Amino acid sequence: MTAMNRRQFIRLAGASCALAALPRAVSAATTAPRVVVVGGGFGGATVAKYVRMWGDNVQVTLVEPNPSHISCILSNMVVTGDLSMNRITLGYDALKTNHGVSVLQGRAMGIDAAGNRLTVSTYSGHQVLDYDHLVLAPGIAFATPPGNWKPGLTPHAWQAGSQTTLLKNQLAAMRGGDVFVMTVPKSPYRCPPGPYERACVVADYLKRKGRTGAKVVVLDANASIQAEPEAFGHAFSVTHAGVIEYHPNAVVQSVDSDTRSIVTTVRTVSNAKVLNVIPNQRAGTITRGLALDAAGFVKVDPLTYATAAYPNIHVIGDSCSVPASDGKGVPKSGHMANAEAKVCANAIVRALNGETVDEDIATNSACYSPITNRKASWLSANFLYGDIYDAAGKVKGKGMHRLDIGEAPEKEVNGDSYEDMYQWADSLFADSFM
Ligand SMILES: Cc1cc2nc3c(=O)[nH]c(=O)nc-3n(C[C@H](O)[C@H](O)[C@H](O)COP(=O)(O)OP(=O)(O)OC[C@H]3O[C@@H](n4cnc5c(N)ncnc54)[C@H](O)[C@@H]3O)c2cc1C
């Protein structure tokens with residue numbers, strides 16, 4: 001692990017991707033090409049904005065079922081009541097007025113890849129959109145856990161909105177001695193530090209509210225903590241000692257939402273007060289039919305985010321799988337979705353101009369994780385396009401080579417990092433949605 005200090009981290013966190021040069025705008029003399037984007041989260045909003053900004057003479061339509069996007073980033077702080085839902089609600093007005101993106105409220109239902117057409121279900125019926133390039137950024141879908149899982153009773157809160165409110169209300173109803181059980185999905189999943197962050201802020205909430213004897217039981221399907229092991233290891237064993245109980249290798253065998261009970265390979269809990277099941281994840285459903293990796297995410301070319309079979313169908317954000325040098329893919333984060341969106345926008349505008357692909361690209365991911373409602377940790381990783389290596393150090397192909405990874409040293413898990421978290425989130429929100 002490369003040592004990095006807070007100042008270096010903040011500098012890196014400000015830029016999610018680097019390109020050798022910006023593309024030329026598409027000539028105004030041609031008929032404006034059509035780019036359709038599915039999903040108005042961090043990936044989709046960013047690609048829609050940057051294709052319009054860089055391409056200029058390009059019609060961009062963003063398809064999204066919700067009137068605004070509720071960010072998962074900072075949503076654990078809404079669960080604990082430290083932030084309001086408004087604080088993480090991001091509208092599409094600026095994309096329309098500042099950038100000329102057309103927003104169609106609807107759900108993409110099917111792709112006719114041979115005919116370059118997308119069918120969208122809207123309140124006024126089905127609409128068919130023709131496209132020159134289609135970008136899919138639908139986030140994640142869940143693999144239903146075995147048993148009788150009802151997210152309306154035992155929420156995941158891993159897509160923000162009504163699930164966040166449900167978990168918030170259930171947490172607020174906890175009393176002293178009650179048990180909050182949560183699962184950590186098998187990697188790869190959305191936001192590697194996110195579940196451990198949630199365990200910390202829930203434990204912190206229970207202590208602050210004087211819920212004496214209340215516990216947070218973390219059932220992790222993985223063999224160890226998947227991100228920031230030093231910061232979370234310290235938080236579990238020192239900061240929140242006696243409140244958080246951490247169990248690795250806890251693969252879910254059955255869930256019963258009616259009784260809030262769960263059986264895993266290492267621990268069974270019956271009648272928990274709150275059962276927060278975060279299931280295993282895969283690419284959003286609209287990507288069905290595209291080539292997937294073993295974990296269920298769509299394989300893409302990291303220079304263009306194009307899919308293997310269709311050079312004009314791109315997948316970005318949590319739904320895509322980008323090979324990286326450490327045997328894992330690049331992390332699934334909002335910051336990375338924003339970076340991938342810019343690389344993809346650059347590739348699309350170049351393709352529309354008949355230019356060659358830009359191979360000189362770098363991406364970056366950053367996460368801040370509150371440990372209490374006063375202090376936070378951070379994590380950053382930088383990637384450069386090029387050769388990637390297997391565990392024995394042999395070149396195994398092209399992908400995003402991980403240059404380094406930085407985690408906050410213990411002395412920087414503090415109030416300054418907590419303040420920086422809001423600054424970082426606001427700049428990512430603005431770069432994606434404004
Ligand atoms: C608790 C938590 C904390 C997190 N903290 C961080 C953090 O600190 N830093 C960080 O970088 N990331 C963080 N993340 C991860 C981040 O939220 C995701 O990685 C990011 O949202 C991925 O962006 P995306 O565009 O792929 O998907 P999303 O942002 O989820 O957007 C997908 C959009 O697609 C829409 N959609 C889906 N299907 C269709 C369809 N068929 N038609 C039309 N629209 C569709 C959905 O409605 C949604 O709006 C966190 C996540 C969680 C859960």
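Strand β17 and strand β18 (residues 268-269) run antiparallel, joined by 2 bridges. Strands here are DSSP runs of E with at least two residues, helices are runs of H or I with at least four, and both are numbered from the N terminus. Two strands pair if DSSP finds at least two bridges between them.

The model is predicted, so local features need pLDDT of at least 70 and side-chain atom pairs pLDDT 80 or more, while totals for chains, interfaces and linings use all residues. Residues are numbered from 1 along each chain as its sequence is written, and side-chain values use heavy atoms, with hydrogens and water left out.

## Exercise 1

**Solution.** 

Step 1. Start with β17 and β18. A hairpin of 3 residues links them. Ile-262 has Val-269 of β18 as its bridge partner.

Step 2. Move to β16 (residues 252-256). This strand runs antiparallel to β17 (residues 261-264), with 4 bridges. Ser-254 faces Val-263 of β17. The hairpin of β16 and β17 has 4 residues between the strands, and Arg-260 takes a positive phi near 50 degrees there.

Step 3. Asn-148 has Asp-256 of β16 as its bridge partner.

## Exercise 2

Work out the strand order and pairing of the sheet that holds β13, β14, β15 and β19.

**Solution.** 

Step 1. Take β13 (residues 179-184) and β14 (residues 215-220). They pair in the parallel sense over 6 bridges. Val-181 has Val-217 of β14 as its bridge partner.

Step 2. Extend to 4 strands. The open sheet reads β15-β14-β13-β19, with parallel pairing. β15 (244-247) and β19 (274-276) are the edge strands, and each pairs on one side only.

## Exercise 3

Describe the shell around the ligand, from its nearest residues to its domains.

**Solution.** 

Step 1. Find the residues around the ligand. A residue is near if one of its heavy atoms lies within 4 Å. There are 36, and Gly-43, Glu-64, Arg-190, Asp-318 and His-335 come nearest.

Step 2. Check polar contacts, which are pairs of N or O atoms within 3.5 Å; within protein, one must be able to donate a hydrogen and the other to accept it, and residues adjacent in sequence count only if both atoms are side-chain atoms. A ligand oxygen is 2.8 Å from a polar backbone atom of Gly-43. A ligand oxygen is 2.7 Å from a side-chain N or O atom of Glu-64. A ligand nitrogen is 2.9 Å from a polar backbone atom of Ala-108.

Step 3. Read the cover. On its own, the ligand has 1,000 Å² of accessible area (Shrake-Rupley method, 1.4 Å probe; for residues, only the protein chains shown count as cover), and the protein covers 93% of it.

Step 4. Locate the shell. Elements that each supply at least two residues include α2 (42-55), β3 (59-64) and α8 (334-352). Domain 1 (6-141 + 281-433) and domain 2 (144-276) each give at least three residues. These bounds come from an automatic or database domain assignment.

## Exercise 4

Which peptide bond is cis, and where does its proline lie?

**Solution.** 

Step 1. The bond from Ser-187 to Pro-188 is cis, with omega near 0 degrees.

Step 2. Pro-188 sits in the loop between β13 and α6 (194-208).
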